[in-house]
Structure formats: structure tokens, C-alpha cells
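Here are some notes to read beside the structure. They go point by point and may be checked against the model as you read.

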Amino acid sequence: MTRRRAAALARRGVVRRGLVAGLLALTLCALPARAESAARFRTLAVWLDAGSEPLAAYQIEIRASDGATIVGVEGGATAAFAAPPHYDPAALQSGRIILATFTTAAHVPRGRTRVATLHVREAAGSAPTYRAEVVAAATPDGRRIPVTVELLAQQGDPA
Amino acid sequence: MKKFAVFGLALLVAAVVFASCSMKKEQSASVPPPPLSKDDPIVHDGRPETDAATAPPHAAFGSVGSAPKQQPLDPNVAAQSARPPVNAAGTSNRETGETEAGRQDAGLAYLHRPKGFAEPGGSRRFGDGGPSVASPQLAQPRAAVADARALPALRAGEELWVIARADWQENGVAQPPAEPEVGGLKVKRPGSDDEIPLPLKHTDVQASVAGYIASVAVTQQYENPYAEKIEALYVFPLPQDAAVSEFVMTVGERHIRGLIRERQQAEELYAEARQQGYVASLLTQERPNIFTQAVANIEPGKRIDVQLTYFNPLALHDGEYEFVFPMVVGPRFNPPGSRDGIGAVPRGQYGSSGQATEVHYLAPGERSGHDIALTVDIDAGLPIEQLESPTHVIDTTAPSPTRRRVTLHAADSVPNKDFVLRYRLAGDDVRGAFLAHRDNRGGFFTLMLQPPAELAAAPRAPMELIFVLDCSGSMSGAPLDIAKRTAERALRRLTADDTFQIVQFSSSAAQLGPRPLPATPQNLERGLTYLNSLQSEGGTMMIEGIKAALDFPHDSKRLRVVSFMTDGFIGNDPEILGEVQRRVGEARLFSFGIGSSTNRYLLDRMAVLGRGAVAYVGLDEGSQRAVDQFYDRVSHPALADLQIDWGNLDVTDVYPQRLPDLFVGRPVVVTGRYRGDAPTTVRVRGKAGGVAREIAIAVDPRGAATRPALPSVWARMKIADLEDRATTDDNRALDGEIKQVALEYGLMSAYTAFLAVDASHVTAGDHGTTVAVPVPVPDGVRYDTTVAER
């Protein structure tokens, strides 16, 4: 392998990692439309996948389309993220919620982890969509890491 | 090219994730780990979703035989109950084990909850336009103590109910303890074994003070002692300058953060969630120091915790820092025709006051099972020299010379008076007089302005001293006696150049004479005789007292000083504050809060708007201290007409916008936004006794740390400023501005509210009955002249 080829591969690797880390992940989660006469309440689980990296901090932004109102933010499934994340009240006024938290727990999760649950109210007859984006994520030593985010409708929701 | 590749890859990632996400609900198993299931121990709080709130405890009790008889309970009429059965809710119900319907073991009787229980109907919908007159009819209360060590294991989907302890039983009938409980969920009437169940069990207060800013977490523990679902309503006080910025509802092991919303929207969402059977909580502000907590759909035996967190700056008076935590709202008087006041009603008499907000009070001799624990951690930065509570018994530990941990003594845990803690630091310096914080919104600061020391040497001008005494029913007894003693002490220190007047008000106002009298010995005796003749009775038409004190020609040779002595138990605070603003003119208004749970919002703002100062005289402390401090203020000229030169600091949005005068011994905190990092000298200029004076304060914003309290404190002080303007300005834009600031900074206000809904679980049955949490009248306040008569 020539040095030029090795350098190109290395650059590509850097670019790829940069892509993942820089763009992070974007999730569009279209929930099925429902024609209901009354508003409904439901929950959406927020999952982050940090791969093999330990996850100690994150900031994500979630946008909801018309018809959805967030009425609570719950903590996650692991002890490290059991406390509900903080939110930016100013962002909440513009139809989005920015969640952020960090943990100093000795044991932090790796891989795919439910870090929060959103409690939402959906207007009657609406079929809101939700979009989540990772702003930043980091390890316990403060190193930024690429993560992906998913929003999942909780099982057990009233259909 | 690379950019296209990046974009393409991003689209691919998004598309894959999107496709994956869209399929998740149906094909969750395709992406490990799977989404949450009903058995996920984190999602659920130990309650089986399918059978939660479905057990008919009263029906089930009958099958065991040792349970108390069941009959409806009207909280107005205490239950003829024996010791209520005990619920083991909160322990895991997912373990496997024995499944018999009931058994006795280790002094406990157990029962597994069956399914199919339908909740009875409720009586009132929250936020539906005013108080209801419905009286809740509830079934038998159930308490909540369990000896977990003796619990049998259960199968999935079953729940364990411990219905009675054998050692509470006598001849097969459960016996209540002989003495009234504190810390349980009941009150007992004097001379009776009747117990009145209450949904608020305990309040826990954890405060930490760094410098002169306190961060306080208040946790209210609600528990449903009834056999039916309830909504709990609790009207409670907080400090008037509290910047309430966090709200978390805990259901089982799950913590749900509430979000700030416009008040009307939050109320509508809460009502909707409540109607549909979701556990929900709503925090609204009735006055800057009075809040209502509503918790909907509390299932029988279940516990819901609500924690709110606030910041507030401590007062610093005469070298003493003062931390105050109010514990009970005093019974307010509302003028005839008022509908948006704070009503005081006997326990259970819903809607009888006709006011938008009602506080329910326990009758004399009734005791609340609600207790309070309080801890204050002080990190002063300088050695702490003196520390005391004039109101409560405290335990103190000293981890270091600069730190103290103060806890409320267990024997003093009845929440019927303000908790006051005072301490002094070594030396005269204020630690961290300038505090700064930076974040992506910019810089925020607080600055404590100390009056110049030389003010204490300057003589005062002659005074026209007007004493205004509240002689309404709520001042009956000790409060009026203290007010009289305080006024008497102050009168005796007048000099020959002064004049004085005594005004008393209750349902109307009266005064010593048509005009102020010179402070001659004869006139002072006349004044003291008049003072001693005052009796308390009737309502609190404070506006009459204000008119009488301020509406007469000003004596240009004398400084008019109005001393307002009251507990502040009125429900029309904004109207009173508006009148003070309109009428105060050149006078200085000094308010004296008399009693154990005074309306500190009213008294503080009266002093601010009246360009004076406030002092509080508790029931257990003499008036000497307050009078001495009052004379310290009025015996020396204040530094007035303040102007601040911020030096190299680019400062905006300073609050209070109208800077108060600086009195001897009374530093003032101002707050603002700033840009710039260069150290500078801030110069405060003003006039005292006609002489120009200047204070120089070195500030170094380079030391800006992460002090998340400061943006909240700034926003709260801005809201207070806007509220003051709104008392005399009908411009509705002020309301909108208050709301906008509150929403942007996530704070409670009159126009915002915190809401949390647990959408993961629908409780069974109707939304249940609304139960207001009754509270004791404050220490020293008579029920018969306040609650019963109003």
C-alpha cells in the first residue's frame, strides 16, 4: 500500500468518523395517524446508541409537529440517567424541546440505552410527527462521541 | 465532492433510521435491544398497569375478617374508623411467590388485590370556573406503613395489601393509637378518637446557602389514604422572592419533570389528563408567595411526590443574614365584592368563601398529620460567628468554621409558623458582593450594595411619625399586644421636634386626633392611653388605614414616616400595593410584620414601594430588636437618588429599575445583565442629608462561574418589578411581558404554571374526588376571629 493510498484511507476514515460525530444522527419518526374524537396522551422513549463508547452526557433536540404538546420528561432506564434530563425553557416556546443531562455515576451505559421518555399529548384527530437530533454527546472524560437517536412509541400505549 | 458524499451519507443514515423507526412499533424485535415492554422494570413503577387501581380494598378487606368495617367518610365528619389497613404499595409486585387470597403471618394480615374495581364518581373538576360546593364523600381511609421484612412474595400481576397489624388489634377489632399522630395521614379531634384522613403526608425541605443565595428543594409527599381515587389540592406558601424553576413529579420509582407552560394552557392540559385518568400535577401561583399544588388521580394507597426547586437571595439586615421558609398561609380577609382573593374556610367547606382560591383550616384542637422536615446547609465562605432560630428548635453541626448544617428538631415539626434562621459572619465584608454567571444567553450578575458607614454618624431630621395598627380579628391576642408594645417603644424614643399620630383600622379606620401631635410628654401619654385602648375585631380594610395614614397634608418641616404594623392577612394584595404607590408621595413607609406567619409579600413590597424598610416581629421574640432597627433606619439619613456608574462593564436590564434608598444596616441587592470581562470599579453615587456621597465597589467579572441561580434570580426580580408596575398601570402589555420572561426562564408567575403528566398509565375509573389539604391556623392566630367569622 502506498503512502498516498494509506493517507487517503486515513482521511476517509477521519471523514467518516467526522460525519458521524459531526452530523450525529437524525431520526424522523412518523407515528401512525389516528382519527380520535378526544386528545390522547402517550409516551415516546428516547434511545441513544453510543456504540462501544461510554455515554456520560448528551444534548438532543426534539421537534414535534402541530398537534403535539410535551407534558412531561421522564428519566431513562439506567441508574446513570434515571433523573429526568433538564430542558431549555426558551426553546420550548418555539415548538421544540432541548434536553440535556450528564451523569457522574461510576457506571455509565454503552450501546443502546433509553435515556429519557417524553410524555406527550396529541390533539384529537392529529397525527403528529417527531424529529430528534443529537446536538452533542460525550464520555465521562468529556470526549465527544458520535451517537444515534431514536424515538419509539412505548408499548402499552392506549391505541 | 466530499460535501456531496457527506450529504449523501447523512441522507442514507436518516433514511435508514427513519425506516427503522417507522417500523419500530410493529417490529420492535428487529432492532436489539427491543423497545420497552410492560414488564420493563424501569418504565413501570411497581404497579401492574392492567390491575392498578382496580382493587376494591373495602370489598377485599371483608374477606379477611380482621379489617375495619367500611362506611363512607365525609372529611367534614371524621370517620368512625379503627386503625386503617395498611398498604404495601411501593414494594415490588413482580416477584413470584404465594398467591393465596389472604393470610396472617408475623403479625400482619395480607391480601392480594383482585381486579375489577370501579371507582365511584367525583364531585369537582379542577379549573372549571370556580369553587364547587360539593363535599367529598369518601370511603374508608387506608394508611400506608408496611413491614417489608415480613412480606410474602407475589406472582407477576399481583399486588400485596397489608391490611392490619396484629399488634394493633384487640378482640379482632383494630384499635387506633391512644395519642394523636404526627407524621401519619390523619388528624384527630380533641377528646375523640375520630381520625380525619389527609392526602398530604410530609414536606421535606432541603436548602443550601452559598454566599447570599439559597437553593431550596421542597418535596411534598402525597398519599391517598382513602379507598377511592382522589385529587389533592394544597395551597401553600413560599418566599415571595422565590424563583421557582424546577418541578419534578415522582410516581413510584419514576421521576417526571414538569414543564413550564402558559397558565391557561397548563390548566387545560391538566384538566384533560385528569379527566382521562392520568396521574398529573399542576403548580399554579395565586400570589407571589402563595401557590396551589394539584395532584390528580392518586390511586388508593399510592404515593406521589412533587418536588419543586427555587432560588432566592437572603436578606441581610444589620450584619445578619436571614433565611426564611414559610410553612402555612395565614387566613386572609377579602373586602366585600372581592372574587379573586384568598378565602379562609373551615376544613371541607368547599366554595364557602366565594374566592377563587381557598385555604382550608383545621378547627381548634384538630391536629394535622402533615409534618415537615427541614435542613439548611450553609457554606458562608467566612467563619460563621452566630447562628440562631428565633422561631424553632434546631440542631446544628459545624463541618468547618465556615459551614453549618441546621436541621429542624423533630419535636418542632408542625408546620404552623415561618421558619427563620439568622446568622452572622466574621468581619464586616460581604462575601461575594458581586456574583456573576455566564452562559449562552450572556452575563448575569447580582451586586449587594452596602450603605456607606459614615451614614451612621449623620443626624436625622425631625419626623412626623404615623403609627398604623391593624386591629382586625386576625391580630387578636398576642399579635396586637406585640404591635402595641412595638409602637409604645417607638413612641418613647421620639424627641421634642417630632410629631406623631396613631391610626387604627379593622373594618374602618380611626385615629388619635385630626392631625399629628407634637411629641410632648403630655401628648405621648395621651397617645399611649389611646394605644392601650385598642381592641381587635372585624375585618381588615387595610385600604382605609392607608388612606388615613397618607391622605393628609404633608408637614414640609418633617420627614413623614409611616409605620405599618400588621400581619398582612388580606387577600387583595395588588389593590393595597397600588394604593401605596399612588398615595405615598414623599412619605417613607416602614412595615412591621407582626406574628408567626405574616404575609411577607405584602409587607416587603409595601416597604419597597414606600421607599422604607421592613422588619418582622415574631411571637416569641421581643419588639426591642425591631424597634432598635427601625430607629437605626430613621435616625440617620438614607442614601437617596442613587445612580450607578458601572465603569468598564456594559450593563443593561438592572432591577429594581427604581433603585431603593440605602438605609443604615440595610444593604440592597441589585441584579442585571452584563457584557465585558475587564475588572472595574463600580461607583454608586447618591445624596444623604443633602450631601453627595459615593460608594466604590471593585468588581472582577473574570471570576464568573457557573451559578445557574443568577439568571433565575435576575428574571424573578424583573418579574417583581413588572408586577409592581402592574399594580398601578392597567397596560395589559405588562402581563404579557411577565409571562414572556417567566416562560423564557422557566419560572413560576401569575401567568405561567408547571405541569407534569404521567402518560404511561391510565388509572381506572373516574377521576375521583377532590380533597383540599387542611392546614392549621398559624401559631398565635385565633380560628374563631379569622376562619369562622370570615
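1. Start with a strand pair in chain B. Strand S39 (residues 680-688) and S40(B) pair in the antiparallel sense, over nine bridges. One place to look is B:Gly686, whose bridge partner in S40(B) is B:Arg693. Keep in mind that this is a predicted model.

2. Now widen the view to the sheet around that pair. Three strands of chain B form an open sheet, in the order S36-S39-S40, with antiparallel pairing. S36 and strand S40 (691-699) of chain B stand at the edges. Each has a single partner strand, so one side of each is left without a neighbour in the sheet. From one strand to the next, the twist averages 20°. As background, strands of a sheet pair through backbone hydrogen bonds, either parallel or antiparallel.

3. Stay with S36 for a backbone point. B:Asp641 is found in this strand, which covers residues 640-645 of chain B. B:Asp641 has a positive phi of about 55°, although it is not a glycine. Most residues other than glycine have a negative phi, and most peptide bonds are trans. Is B:Asp641 buried or exposed? B:Asp641 counts as exposed, because it has 12 C-beta neighbours inside 10 Å, and 12 or fewer is the cut-off for that class.

4. B:Asp653 lies in strand S37 of chain B. Its phi is near 50°, a positive value in a residue other than glycine. B:Asp653 is partly exposed, with 15 other C-beta atoms within 10 Å.

5. Next comes a peptide bond. B:Tyr655 and B:Pro656 are joined by a cis peptide bond, with omega about 0°. B:Pro656 is found in the loop between strand S37 (650-655) and strand S38 (668-675) of chain B.

6. Turn to the helices. Two packed helices are described by the angle between their axes and the distance between the axes. The axes of helix H10 (residues 709-726) and helix H11 (residues 733-745) of chain B come within 9 Å and cross at roughly 170°. H10(B) and H11(B) are therefore roughly antiparallel to each other. Which residues meet? On the H10(B) side they include B:Pro711, B:Ala715, B:Ile719, B:Leu722 and B:Ala726. On the H11(B) side they include B:Leu734, B:Ile738, B:Val741, B:Ala742 and B:Tyr745. By class, the contact of H10(B) with H11(B) has 10 nonpolar, one polar and five charged residues. Among the residues in this contact are B:Lys718, B:Glu723 and B:Arg725 of H10(B), and B:Asp735 and B:Glu737 of H11(B).

7. Helix H4 (residues 478-492) and helix H9 (residues 624-634) of chain B pack at an angle of about 40°, with their axes 9 Å apart. H4(B) and H9(B) are therefore oblique to each other. The crossing of H4(B) past H9(B) is right-handed. H4(B) brings B:Thr486, B:Arg489 and B:Ala490 to the contact. H9(B) brings B:Gln624, B:Ala626, B:Val627 and B:Phe630. The residues of this contact of H4(B) with H9(B) divide into four nonpolar, two polar and one charged.

8. One methionine is worth a visit. B:Met606 is found in helix H8 (residues 600-609) of chain B. B:Met606 is buried, with 29 other C-beta atoms within 10 Å. What does B:Met606 touch, leaving out residues up to four places away in sequence? The contacts are B:Phe564, B:Leu577, B:Val580, B:Leu589 and B:Ser591. B:Phe434 makes a reference point: B:Met606 and B:Phe434 are 172 residues apart in sequence and 27 Å apart in space, C-alpha to C-alpha.

9. Strand S11 (residues 230-237) of chain B runs parallel to S42(B), and four bridges join them. Within this pair, B:Leu233 has B:Ala772 of S42(B) as its bridge partner.

10. Finally, the chain as a whole. Chain B has 11 helices and 42 strands. Of its 790 residues, 52% are buried. Among contacts in chain B between residues at least 6 apart in sequence, 77% join residues at least 24 apart.

Conventions. Residues are numbered from 1 along each chain as its sequence is written. Chains are lettered from A and ligands numbered from 1 in the order in which they are written. This is a predicted model: local features need pLDDT of at least 70, side-chain atom pairs count only at pLDDT 80 or more; totals for chains, interfaces and linings use all residues. Two strands pair if DSSP finds at least two bridges between them. Helices (H or I, at least four residues) and strands (E, at least two) are DSSP runs, numbered from the N terminus. A residue is buried if 20 or more other C-beta atoms lie within 10 Å of its own, exposed if 12 or fewer, and partly exposed in between; C-beta atoms are placed from the backbone. Two residues are in contact if their C-beta atoms, placed from the backbone, lie within 7 Å. Axes are lines fitted to C-alpha atoms, for helices over the stretch in contact, and angles run from 0 to 180 degrees between N-to-C directions. Angles under 35 degrees count as roughly parallel, over 145 as roughly antiparallel, 65 to 115 as roughly perpendicular and the rest as oblique. A crossing is left-handed if the near helix is turned anticlockwise from the far one by less than a right angle, and right-handed if clockwise. Ala, Val, Leu, Ile, Met, Phe, Trp, Tyr, Cys and Pro count as nonpolar, Asp, Glu, Lys and Arg as charged, and the others, Gly among them, as polar.
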